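Here's a quick briefing on a few residues and where they sit. Have a look at the model first, then read on.

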Amino acid sequence: MINSLTTPFGRFEAAWRAVERPELLAASTAATLREWQGAEPVESVLVVDTDPEKADTSVFCETYDVPLDASANCVIVSAKRGEEVTFAACVALATTRVDVNKTVRKHLGARKASFAPMDIAVTETGMEYGGISPLGLPAHWPVLVDEAVAGSPYVLIGSGRRRGKVILPGRFLAQLPRAEVLAQLAG
């Protein structure tokens, strides 16, 4: 039996080092953690097992007593220039909204950018809606991280599945391959 750990916030029945509980993660999220080579220790990433019916941010935060400013969302953006479509992940605190039309569009050099429709986001990431994680995305995708997320001691984010979330230091996300920390990604 793996011992339960203490989380920096929230009220969960149990928490574990995510690398020790890959069955609670999407396969690509587990692979990213298994192959981790960043400076931040992979053992700093925790996973909590939660009710998939309560995965939506506001309901989740209320149910598990997680402050909204400690919860981060990963949204998938579709950027288009001519016929070329580029996908990117944007990670921002739940108390903010990603600036897709200005900051993301300009940063990606796109003519038009928008939130990817749910079915496309799910298909392209291989993850479940309501649990999309910046951990385990396609290797060529940019991961844009708001500076408020990167500067947070710990944030809660999707595990790739609706059931379960990961809790990790914000700086961990800044060390992902293709990650870029942006000021004013969200406001």
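R111 counts as exposed because its relative accessibility is 68%; exposed means over 50% relative accessible area, buried under 20%, and partly exposed in between (1.4 Å probe, protein chains only). Keep in mind that this is a predicted model, where local features need pLDDT of at least 70, side-chain atom pairs count only at pLDDT 80 or more, and totals for chains, interfaces and linings use all residues. Residues are numbered from 1 along each chain as its sequence is written, and side-chain values use heavy atoms, with hydrogens and water left out.

- R111 sits in the loop between helix 3 (100–107) and strand 5 (112–115); helices (H or I, at least four residues) and strands (E, at least two) are DSSP runs numbered from the N terminus.

**Buried residues**
- W16 is part of strand 1 (residues 15–17), and at 9% relative accessibility it's buried.
- E40, in the loop between helix 1 (27–34) and strand 2 (46–48), is buried too, at 10%.
- The E40 side chain makes a 2.7 Å polar contact with that of R171 (a pair of N or O atoms within 3.5 Å, one able to donate a hydrogen and the other to accept it).

**Partly exposed**
- E128 belongs to the loop between helix 4 (118–125) and strand 6 (143–146), and is partly exposed at 37%.
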